[in-house]
Amino acid sequence: MIHMTAEIIAIGTELLLGDILNTNAQYLSRQLADMGISVYFQSVVGDNEERLLETLHRAMKRTDIIITTGGLGPTTDDLSKETIAKALGLSLVEHEASMKRLISFFKSRHISMAKSNLKQAMIPEGATVLENNNGTAPGFMVKTDQNIIIVLPGPPNEMIPMYQESVKPILEDLSDGIIFSRTLKCCGIGESTVAEKIQHIIDRQTNPTIAPYAKSGEVHLRITAKSQDEAEAIKLIDTMEAEVRGIVGDYIYTTDQRTLEETVVDELREKGYTLSVAESCTGGLLSGRIINCSGVSDVYLEGFITYSNEAKMKHLGVKKEILDTYSAVSEETARAMVEGLVKHSGTSTGIAITGIAGPTGGTKEKPVGLVYISVYCGGKTIVKKYHFNGNRHKVRERAVVQGLIMLWNELNS
């Protein structure tokens with residue numbers, strides 16, 4: 001098995017300024033990891049020739065595969081192609097097929113092509129052109145004695161298809177075996193607890209390997225096997241998964257690409273259950289995540305944002321005495337919210353959330369981050385109290401995740 005290392009260089013001043021997120025590096029890192037190519041470095045460099053040259057020279061000394069994104073457009077600050085050619089000591093030459101595609105692109109749209117666009121058809125001499133079926137700037141690949149340099153456009157809707165169609169097959173051919181991965185998605189347990197429980201597996205791992213990754217309210221365990229064929233890799237993964245399930249199996253909600261909310265919706269559909277939601281501090285975030293799921297109309301009945309006490313009384317039937325005695329953020333109110341929701345909606349299951357998201361509104365007795373979540377399922381009501389850290393967005397986001405986790409637990413209890 002040939003082990004190769006990679007470095008990803010994202011080019012663009014807008015990335016350094018924080019105007020856009022570097023989602024390309026995240027995507028490429030995952031793709032390379034799936035093939036067993038280790039990404040040892042990621043760099044972000046602005047549209048500056050000197051600094052880009054320095055970054056390229058450093059990468060060429062320490063890495064096998066260099067993938068750049070961005071800087072292939074028609075403007076003067078798009079310097080990637082020219083700078084990479086300079087770093088390699090290559091001349092830029094017109095690529096006839098790319099020029100024809102470029103001219104055809106503008107002609108078919110009845111747009112006058114500015115002369116600056118012509119630079120997009122200039123490619124380093126000897127490079128392999130990677131066609132761009134979703135834009136005007138082609139990518140390219142150059143092989144040297146020490147490196148493979150792959151140059152991709154910056155827009156994700158151009159970069160991702162180009163990688164899948166042209167780059168991925170090239171990289172797969174570099175290995176004499178295959179890499180296969182499976183992710184066990186866990187909820188309701190912290191990363192440190194998971195790591196402690198499976199530390200003996202981590203300590204002795206060789207092939208396959210296992211690595212925990214913390215997500216928002218979740219822990220993902222990625223098992224990766226290297227083998228000469230897929231069947232053997234799957235066998236290796238199955239053996240490790242069985243051992244992991246014997247330890248934390250109660251927390252694993254899926255091993256496929258589904259999200260937690262998609263898994264919950266599927267569970268509801270399989271059981272023939274319906275769901276309604278009542279939200280206070282989360283203000284519709286929970287309903288939004290659930291409604292993002294395909295086919296959710298089979299199970300989702302309705303949702304309420306009952307931010308004020310008056311709304312809780314009007315739409316959920318929460319008694320004024322409960323609110324006056326215990327306040328809106330309390331176990332009693334959360335219970336009344338979900339039970340009123342179920343009664344009003346005629347739903348099989350329900351989730352209600354009330355809390356203090358901050359940054360103001362907290363007291364010593366009821367601090368910012370205090371959230372009560374209630375779930376109705378199987379004819380019973382469960383209420384849990386949480387203290388979430390972080391800003392307003394984090395508190396609301398974590399409350400949504402915990403609401404989904406609570407319902408998933410009840411559906412599988």
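Colleague: Is His110 exposed or buried?

Modeller: His110 counts as exposed, because its relative accessibility is 75%, where exposed means over 50% relative accessible area, buried means under 20% and partly exposed is in between, with a 1.4 Å probe and protein chains only. Please keep in mind that this is a predicted model, in which local features need pLDDT of at least 70, side-chain atom pairs count only at pLDDT 80 or more, and totals for chains, interfaces and linings use all residues. Residues are numbered from 1 along each chain as its sequence is written, and side-chain values use heavy atoms, with hydrogens and water left out.

Colleague: Where is His110 found, and what is its phi?

Modeller: His110 is in the loop between helix H5 (96–108) and strand S5 (122–124), where helices (H or I, at least four residues) and strands (E, at least two) are DSSP runs numbered from the N terminus. Its phi is positive, at about 55 degrees, although His110 is not a glycine. Most residues other than glycine have a negative phi.

Colleague: Which other non-glycine has a positive phi, and where is it?

Modeller: Ser327 has a positive phi of about 85 degrees, and this residue sits in the loop between helix H13 (320–326) and helix H14 (331–345). With a relative accessible area of 24%, Ser327 is partly exposed.

Colleague: Back to the loop between H5 and S5: is Asn117 buried or exposed?

Modeller: Asn117, which is found in that loop, is buried, with a relative accessible area of 10%. Leaving out residues up to four places away in sequence, Asn117 touches Pro74, Leu102 and Phe106, and contact here means heavy atoms within 4.5 Å.

Colleague: New topic, which peptide bonds are cis?

Modeller: The bond from Asn207 to Pro208 is cis, with omega near 10 degrees, and a cis bond also joins Gly358 and Pro359, with omega about 5 degrees. Pro208 lies in the loop between helix H8 (199–204) and strand S10 (209–215), while Pro359 is in the loop between S15 and S16. For background, most peptide bonds are trans.

Colleague: How many residues are in the largest nonpolar core?

Modeller: The largest nonpolar core has 34 residues, and those with the most contacts inside it are Leu260, Leu286, Ile290, Ile351, Ile353 and Leu407. A nonpolar core is a set of buried Ala, Val, Leu, Ile, Met, Phe, Trp, Tyr and Cys residues joined through side-chain atoms within 4.5 Å. The elements that give two or more residues to this core include helix H10 (260–271), strand S15 (349–355) and helix H15 (392–412), and the largest share, 10 residues, comes from H15.

Colleague: What does Ile353 contact?

Modeller: If neighbours within four places in sequence are set aside, the contacts of Ile353 include Ala278, Leu286, Met337, Val371 and Val400.

Colleague: And Val400, where is that one, and is it buried or exposed?

Modeller: Val400 belongs to helix H15 and is buried, with a relative accessible area of 2%. Not counting residues up to four places away in sequence, Val400 touches Thr282, Leu285, Leu286, Arg289 and Ile353. The C-alpha atoms of Val400 and Glu279 are separated by 9.5 Å, although these residues are 121 apart along the chain.

Colleague: Switching to helix packing, at what angle do H3 and H4 cross?

Modeller: The axes of helix H3 (residues 49–62) and helix H4 (residues 80–88) come within 10 Å and cross at roughly 50 degrees. Axes are lines fitted to C-alpha atoms, for helices over the stretch in contact, and angles run from 0 to 180 degrees between N-to-C directions. That angle makes H3 oblique to H4, since angles under 35 degrees count as roughly parallel, over 145 as roughly antiparallel, 65 to 115 as roughly perpendicular and the rest as oblique.

Colleague: Which residues make the contact?

Modeller: Among them are Leu52, Leu56 and Met60 of H3, together with Thr83, Ile84 and Ala87 of H4. The residues of this contact divide into seven nonpolar, three polar and two charged, where Ala, Val, Leu, Ile, Met, Phe, Trp, Tyr, Cys and Pro count as nonpolar, Asp, Glu, Lys and Arg as charged, and the others, Gly among them, as polar.

Colleague: Last one, how many helices and strands does the chain have?

Modeller: The chain comes to 15 helices and 17 strands, and buried residues make up 47% of its 413 residues.
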